[in-house]
Amino acid sequence: MSESMERYTGDRLTQARALAGLSDDSLRVKAVTAARDKDAALLWDLTLACLSSETSAGVRLSPHTLRAYKKGVEVLIDHAMSNAWNLLHPGRRQPGLYVGSLMALGLKPATVQARIAAASALYRALRWAGATDSDPFADVKRPRDATRGVVKNPPYRADFVQAMLAEADVQEQVLLLLLTHAGLRIAEALAVEWSHVDLTRKRLLVAHGKGDKARVVPLSARLREALAALRAETAGTGRLFSIKAYSSAYERLQRLALKCGREHEFRGFHAGRKYAGTQLYAAVKDFTRVASFLGHEQVDTTRRYVELPEDDLEAVVEAFQ
């Protein structure tokens, strides 16, 4: 975890402890009052405290995910104010009508799902605070997006990756290759330490993957070369990168894409991870092995990462007898 993320997490835990440290009655009164007044700021504080202290992965939620949750809580409170909701005792049909109103706005299914997740998190926090027993979104039907994620946000193309690498400095090269060759998540990449790198055995330890699970990934020849060059420029101890924050890494690669004249093709970090998964699947034709490489618990998740060629079965069908 980067130093900035550690500070951010520490702030959240401090806030969570402040609320969790209240007596049961005081916490309940605070939550009941916030719900009655539809105080979005205090309701978010309660939600954040609950996420940070009561869920196994809550304290590790990324700033991006938390921003989505915060926005979702605010949207629900606005809706509740406009439609005279009693937040602690919503009507049986009100949650479904809320989801229907989101769909009527033309929001994408993924956005609606994120809003429902935020609403569920808010009610978990209200139950955590002892303000209600209600779980109104438990049975709400969530819209499904028929468009596969890899279609909506496909992997980077090889020519874009090569153009970026050609203009990158050595630190940027290593970061790009950790995404596009090693298939790391951005948080995993920024947390890599030199002690995790074994150039002799051609492998890298991802010490703290998603859910704090560790895995080992192989290092490509090009990535080993870039790592060796980076080590020669640094002391070869501690973390690989002076880049510490997610936002700083994003801005760094965004500027690199602008330098290449291909800023319109830059779509963040995950498209690089999908590039790695797609390349590997093309070679091994085994979703299970690709899932292990990417650190996915479910193979179905991996299927959403891998872009399959349209003529993938052409040679097989050609040989039918």
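I'm calling a residue buried when its relative accessible area is under 20%. I needed that cut-off for Ala131, at 13%, so Ala131 goes down as buried. One reminder to myself before going on: this is a predicted model.

**Overall look**

I counted up the secondary structure and got 16 helices and three strands. Then I checked burial across the chain: of the 321 residues, 42% are buried. I also looked at how far apart in sequence the contacting residues sit. Taking contacts with a separation of 6 or more, 67% are between residues 24 or more positions apart.

**Ala131**

Back to Ala131. I found it in the loop between helix H6 (109-128) and helix H7 (149-152). What does Ala131 touch, once neighbours within four places in sequence are set aside? I get Arg28, Ala31, Val32, Leu88 and Leu126.

**Lys38**

Next loop, next residue. Lys38 sits between helix H2 (24-37) and helix H3 (40-54). I wanted to know its charge partner, and there is no salt bridge, although Lys38 is buried. Which side chain of opposite charge is nearest to Lys38? That is Asp37, 8.2 Å away. I then listed what Lys38 contacts beyond four places in sequence: Leu43, Ile77, Ala80, Met81, Trp85 and Leu87.

**H8 and H9**

On to helix pairs; I noted the angle between the axes and the distance between them, as one does for two packed helices. Helix H8 (residues 158-167) packs on helix H9 (residues 170-180) with the axes 8 Å apart and an angle of about 155°. That makes the two helices, H8 and H9, roughly antiparallel. I put the crossing of H8 and H9 down as left-handed. Which residues meet here? From H8 I have Val161, Met164, Leu165 and Glu167, and from H9 they meet Glu172, Gln173, Leu176, Leu177 and Thr180.

**H13 and H14**

Last pair for today. Helix H13 (residues 270-284) and helix H14 (residues 287-294) cross at roughly 145°, and their axes come within 9 Å. Is the crossing of H13 and H14 left-handed or right-handed? I have it as right-handed. On the H13 side of the contact I wrote down Arg273, Ala276, Gly277, Leu280, Tyr281 and Val284. Facing them from H14 are Phe287, Arg289, Val290, Phe293 and Leu294.

How values were computed: Residues are numbered from 1 along each chain as its sequence is written. This is a predicted model: local features need pLDDT of at least 70, side-chain atom pairs count only at pLDDT 80 or more; totals for chains, interfaces and linings use all residues. Side-chain values use heavy atoms; hydrogens and water are left out. Helices (H or I, at least four residues) and strands (E, at least two) are DSSP runs, numbered from the N terminus. Buried means under 20% relative accessible area, exposed over 50%, partly exposed in between (1.4 Å probe, protein chains only). Lys and Arg count as positive and Asp and Glu as negative; His and the chain ends are not counted. A salt bridge is a side-chain nitrogen of Lys or Arg within 4 Å of a carboxyl oxygen of Asp or Glu. Contact means heavy atoms within 4.5 Å. Axes are lines fitted to C-alpha atoms, for helices over the stretch in contact, and angles run from 0 to 180 degrees between N-to-C directions. Angles under 35 degrees count as roughly parallel, over 145 as roughly antiparallel, 65 to 115 as roughly perpendicular and the rest as oblique. A crossing is left-handed if the near helix is turned anticlockwise from the far one by less than a right angle, and right-handed if clockwise.
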